[in-house]
Amino acid sequence: MIKLNRITKNGRAFFLAYDQGLEHGPEDFNDKNVNPKYIIDIAKKGGYTGIIFQKGIAEKYNKEIKKSKIPLIVKLNGKTNLFKGEPIARQLCTVKEAIKLGAAAVGYTIYLGSDYEDEMLHEFEKIQREAHLKGLPVIVWAYPRGKSVKNKSKTKLMSYAARTGLEIGADIIKISYKGNISDLKWAVKSAGKTKIVIAGGIKKNEKELLNQIKEIMKAGCIGVAIGRNIWQSKNPLEITRKIKKIILK
Amino acid sequence: MIKLNRITKNGRAFFLAYDQGLEHGPEDFNDKNVNPKYIIDIAKKGGYTGIIFQKGIAEKYNKEIKKSKIPLIVKLNGKTNLFKGEPIARQLCTVKEAIKLGAAAVGYTIYLGSDYEDEMLHEFEKIQREAHLKGLPVIVWAYPRGKSVKNKSKTKLMSYAARTGLEIGADIIKISYKGNISDLKWAVKSAGKTKIVIAGGIKKNEKELLNQIKEIMKAGCIGVAIGRNIWQSKNPLEITRKIKKIILK
Amino acid sequence: MIKLNRITKNGRAFFLAYDQGLEHGPEDFNDKNVNPKYIIDIAKKGGYTGIIFQKGIAEKYNKEIKKSKIPLIVKLNGKTNLFKGEPIARQLCTVKEAIKLGAAAVGYTIYLGSDYEDEMLHEFEKIQREAHLKGLPVIVWAYPRGKSVKNKSKTKLMSYAARTGLEIGADIIKISYKGNISDLKWAVKSAGKTKIVIAGGIKKNEKELLNQIKEIMKAGCIGVAIGRNIWQSKNPLEITRKIKKIILK
Amino acid sequence: MIKLNRITKNGRAFFLAYDQGLEHGPEDFNDKNVNPKYIIDIAKKGGYTGIIFQKGIAEKYNKEIKKSKIPLIVKLNGKTNLFKGEPIARQLCTVKEAIKLGAAAVGYTIYLGSDYEDEMLHEFEKIQREAHLKGLPVIVWAYPRGKSVKNKSKTKLMSYAARTGLEIGADIIKISYKGNISDLKWAVKSAGKTKIVIAGGIKKNEKELLNQIKEIMKAGCIGVAIGRNIWQSKNPLEITRKIKKIILK
Amino acid sequence: MIKLNRITKNGRAFFLAYDQGLEHGPEDFNDKNVNPKYIIDIAKKGGYTGIIFQKGIAEKYNKEIKKSKIPLIVKLNGKTNLFKGEPIARQLCTVKEAIKLGAAAVGYTIYLGSDYEDEMLHEFEKIQREAHLKGLPVIVWAYPRGKSVKNKSKTKLMSYAARTGLEIGADIIKISYKGNISDLKWAVKSAGKTKIVIAGGIKKNEKELLNQIKEIMKAGCIGVAIGRNIWQSKNPLEITRKIKKIILK
């Protein structure tokens with residue numbers, strides 16, 4: 001079985017996510033956090049167990065990333081939020097390329113329920129196979145999305161997403177937390193040996209965020225992949241320290 | 001001709017199916033049967049002639065599977081039930097990968113009559129060829145599905161599905177039992193040298209289930225691929241024992 | 001130029017077609033002719049110059065086929081009749097695989113005028129090239145089909161189909177006979193050095209059938225590819241003998 | 001740069017086109033010209049600088065073509081006129097295969113403005129590259145077609161087609177003559193170092209045809225690719241002689 | 001990191017764009033500038049740091065290009081403006097081919113927000129990877145286009161396009177300047193280590209153009225990729241000289 005130790009600490013995952021530039025455009029950014037170096041700096045000082053970039057940033061800021069010694073997680077697919085039809089994100093980086101860039105793990109998004117679900121599940125197969133051949137963990141961003149899932153229970157979709165990760169061979173599955181702690185516990189159970197990290201999502205107030213993370217850890221998740229709540233914060237290292245205390249102990 | 005002896009006993013097949021996690025989500029599960037280990041344990045104690053998993057479970061629970069000595073059948077394609085359009089399930093595991101995982105056979109679903117029938121039939125060609133090259137039996141889940149077949153006779157579709165299995169080179173075809181015993185006999189005849197196993201389907205009361213299995217065997221099928229009726233049962237080993245008595249004798 | 005002598009006798013072709021199981025389902029069959037062995041037996045005793053199977057039957061009944069010494073023609077694509085949209089039949093067997101099965105020729109259906117005509121013409125290119133590289137004749141089932149050809153003259157479509165066979169490199173083209181003998185003569189001329197065999201089609205009374213075959217031969221076709229009119233007959237060998245007398249002389 | 005001398009004489013091109021059998025069906029033909037040998041004979045006696053066939057004819061009549069010594073131009077894609085949707089013609093012969101058949105050049109049609117323009121431009125890339133690697137000239141049939149171009153100026157489309165030929169790397173571009181001589185001169189200029197030949201189109205009276213060809217040559221085109229006006233003529237060699245006088249001098 | 005020195009001077013880029021023949025047809029041209037040699041001559045005398053051609057021109061005018069010593073930038077995809085549906089431009093030249101033609105860089109257009117965004121992003125991945133393997137810089141033409149982006153803020157789209165270039169691994173991104181200088185500064189920041197050049201667009205009066213270029217440079221762009229404003233000018237070298245003074249200093 002693929003080992004997660006390069007991107008976890010005592011089995012816990014604390015990832016700094018920064019693939020929003022492609023997914024949402026620079027609207028999420030300000031003058032500071034628009035700069036990948038600022039993010040790498042936070043990751044380094046904050047002691048994250050992984051930092052998530054698309055190929056372009058992983059390549060252009062490779063020296064800075066290597067110097068920081070933060071494990072690199074390369075996101076292998078993505079899309080802009082401009083196209084308004086059924087969501088699809090195709091491969092934008094190969095496993096081989098990610099390894100050349102020094103990746104300790106790779107990520108791939110699947111929009112479950114989308115008209116193009118089959119294409120993403122199928123493309124993922126090759127990526128998962130190649131990554132595991134090289135001993136590289138694979139993280140799946142599992143997001144139910146598209147017109148087919150519009151009126152479905154978010155809670156049920158959460159556990160379905162978690163289970164899908166196990167069935168298709170993900171090592172870690174990144175999902176959004178919907179429902180209460182008992183729903184999340186069920187999702188964790190559904191994922192079996194596949195581990196779960198929770199997406200940070202849009203910026204929340206600190207108290208709410210920290211409480212949520214406590215719940216997440218109680219539910220059996222191994223951590224979070226968090227972005228905006230950190231680098232949009234006025235004091236990213238302070239909030240980092242508080243979260244780290246909960247997750248990494 | 002491909003030998004079935006690794007996944008049959010005296011020519012009879014008694015498969016424990018557990019690909020529902022991807023196909024239906026964890027809604028089919030409870031706290032016990034959500035865990036693949038529980039399923040492997042039933043398969044082992046119950047003396048099944050094969051256990052059916054998607055790649056992810058086959059990989060993450062490989063030690064447990066190998067230890068159980070239950071022959072592994074890897075399902076090579078699948079989909080969630082979230083997308084509401086014409087059904088398509090693409091390849092999620094290669095034959096080569098399945099062999100590495102220790103597979104004694106592989107499975108593939110074709111939705112006959114779907115808008116994407118041609119893609120699945122075509123994708124199956126490569127899988128069947130590669131599997132037979134390695135001496136691996138191929139099981140086809142043949143399910144007529146989609147708007148084109150909506151008002152067609154279920155009975156005629158059953159025998160058509162069975163025949164399709166023969167024509168495209170399946171070694172075993174897994175179909176749903178629709179109609180009476182004489183319809184099923186015709187399906188068995190239509191399949192020629194290709195063997196038929198019947199899908200268990202949703203949970204039934206025990207008497208009904210056992211009677212149905214008796215009919216199935218009388219009709220000339222070689223067995224069943226059963227899931228929910230076993231692992232949703234309060235006493236899976238008891239129902240297993242009763243079915244085994246009918247099938248394996 | 002590719003030699004046809006392995007599947008013809010004195011330049012004449014008398015093929016027993018049995019790909020209906022996939023194309024129409026077992027509805028065409030009864031308790032006897034549902035069994036491929038029954039068909040192989042007719043072919044053997046009747047002295048056919050070729051027998052047409054899909055890969056699955058060619059593989060599972062390979063011993064019986066080889067023993068019969070009837071030249072094997074493997075149909076390389078096919079579809080069910082369940083899907084109700086524009087017709088498409090994708091590759092279900094490779095040329096290499098057909099050769100391994102002992103094929104003396106291969107067949108491929110193209111639905112001319114279908115929305116997917118371009119895909120079939122393109123897929124055929126590879127098949128034709130590979131087959132000719134190995135010295136294997138290629139038979140095209142050329143069927144104008146789909147909404148674009150709905151109101152077109154059947155007669156003109158017949159000669160167009162014949163010509164298409166020549167232009168794309170078929171060695172034999174199998175068409176349906178529509179119109180009168182002079183229309184068919186024109187189709188034969190249009191096909192140039194590509195030979196024509198006529199599809200038997202649905203069961204007719206004997207007299208009508210024999211008269212039609214006489215016309216076919218007079219028009220310059222090299223024979224027929226006939227199925228239902230033989231194996232749905234009460235006395236397949238008797239009708240075979242009568243047709244053979246016309247075709248093979 | 002690719003040399004055109006194998007398919008031109010003093011830089012002039014006089015091609016006999018005979019790919020209509022696939023594009024229009026045998027409706028264009030009569031008892032004589034339906035036979036490729038008749039066409040090869042005209043090409044030989046008429047002294048054409050090239051003869052255009054699809055793969056099937058190039059293969060089946062290869063001896064006759066070689067004996068005639070007329071340079072062979074293999075058309076690498078095509079379609080029937082049966083399908084009524086947006087036009088697309090996919091590859092039906094490879095460059096390698098064309099070379100094996102003795103081709104001195106290859107041809108490819110692109111329907112500019114069609115919904116499938118991108119697929120044809122993309123497929124052409126591979127063909128152009130492979131052909132040039134082997135020193136083989138590439139002729140593009142550039143036809144604006146489809147619902148997007150319905151109300152556009154034919155004259156502007158003519159020069160756009162010519163320019164496209166240059167931009168994508170064609171050595172010769174075959175277009176239809178629309179507008180007056182000054183429009184055609186502009187098309188010739190737009191094509192730069194890419195040469196232009198004009199398609200003959202449907203049968204015209206002799207005087208009109210010869211005048212048009214004079215204009216074509218004055219405009220700077222290098223010749224014509226003509227079919228129906230020759231082989232539908234009662235005296236093909238006479239009309240050939242008259243055109244040759246204008247083109248080859 | 002990929003070096004840009006072959007196509008820049010003191011880090012500044014001054015590219016002469018001439019891919020309009022495919023994108024718009026010869027309508028943009030007159031008797032002089034329709035001729036690639038005229039353009040190459042301007043590039044040479046004007047001292048541009050790069051000249052942009054499609055494969056066809058790069059191949060047919062290769063001697064002239066090499067003689068001019070102006071670095072060649074080969075545009076690897078393109079389309080006509082005839083098709084009226086959602087924009088897509090597929091690969092029309094390989095990286096390998098571009099290198100054979102002497103390219104110092106390659107370009108690729110992505111229509112962000114188009115229904116086919118995913119196909120272009122995915123195709124680009126291979127190009128970027130191959131180019132970087134050979135040390136070749138990659139320029140992305142990033143144009144938000146299609147029905148999904150119709151009512152979006154042009155300014156926000158500009159910075160999104162710039163950011164996308166960074167995320168997917170472009171070395172230079174070519175965008176259209178929309179909004180004011182502070183918007184452009186934000187786009188430059190969003191692009192991080194990826195450099196920005198501005199597209200010239202349709203012909204403007206000289207004063208307006210020069211002022212715009214001053215702004216562009218102040219905003220932190222490295223230069224322009226300009227076409228029509230140069231070669232449609234009555235005195236291309238004079239306007240070139242004025243722009244060069246601003247950009248290259």
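Chain C and chain D touch through 35 residues of chain C and 38 residues of chain D, where contact means heavy atoms within 4.5 Å. The model behind these values is a predicted one, in which local features need pLDDT of at least 70 and side-chain atom pairs count only at pLDDT 80 or more, while totals for chains, interfaces and linings use all residues. As for the bookkeeping, residues are numbered from 1 along each chain as its sequence is written, chains are lettered from A and ligands numbered from 1 in the order in which they are written, and side-chain values use heavy atoms, with hydrogens and water left out.

The size of an interface is often given as the accessible area lost when the parts come together. For chain C and chain D that buried area is about 3,100 Å², with 58% coming from carbon and sulfur atoms; buried area here is the accessible area (1.4 Å probe) that two parts lose on being put together, summed over both. Four salt bridges are counted between chain C and chain D, a salt bridge being a side-chain nitrogen of Lys or Arg within 4 Å of a carboxyl oxygen of Asp or Glu. Lys189(C) pairs up with Asp31(D) in a salt bridge, at 3.3 Å from N to O. Polar contacts turn up as well, with 21 residue pairs found across the interface of chain C and chain D, both residues at pLDDT 80 or more. Such a contact is a pair of N or O atoms within 3.5 Å; within protein, one must be able to donate a hydrogen and the other to accept it, and residues adjacent in sequence count only if both atoms are side-chain atoms. On the side of chain C that touches chain D, the elements giving two or more residues are helix H6 (117-133), helix H7 (154-168) and helix H8 (181-190) of chain C. Helices (H or I, at least four residues) and strands (E, at least two) are DSSP runs, numbered from the N terminus.

Copies are superposed by least squares on the C-alpha atoms of residues with pLDDT of at least 70 in both.

Turning to chain A and chain B, a rotation of 72° with 0.0 Å of shift along its axis superposes chain A on chain B, again with an RMSD of 0.0 Å. That is the relation of a five-fold axis. Within chain A, Glu119(A) comes closest to the rotation axis, at 10 Å for its C-alpha. Here 35 residues of chain A are in contact with 38 residues of chain B, and the area buried between chain A and chain B is about 3,100 Å². The salt bridges between chain A and chain B number four. In one salt bridge, Lys189(A) meets Asp31(B) with the closest N and O atoms 3.3 Å apart. Another links Glu27(B) to Lys156(A), at 3.9 Å from N to O. Glu27(B) sits in the loop between helix H1 (20-23) and helix H2 (36-46) of chain B and Lys156(A) in helix H7 of chain A, so this pair joins two chains.

Not every pair of chains meets. Chain A makes no contact with chain C, the closest C-alpha atoms being 19 Å apart, and chain A does not touch chain D, with nearest C-alpha atoms 19 Å apart.

Over all chains, the whole structure holds 67 salt bridges and 30 aromatic pairs. Rings of Phe, Tyr and Trp (its six-membered ring) pair if their centres lie within 6.5 Å; planes under 30 degrees apart count as stacked, over 60 as edge-to-face and the rest as tilted. Tyr108(D) and Phe124(D) make a tilted pair, 5.8 Å centre to centre with 45° between the planes.
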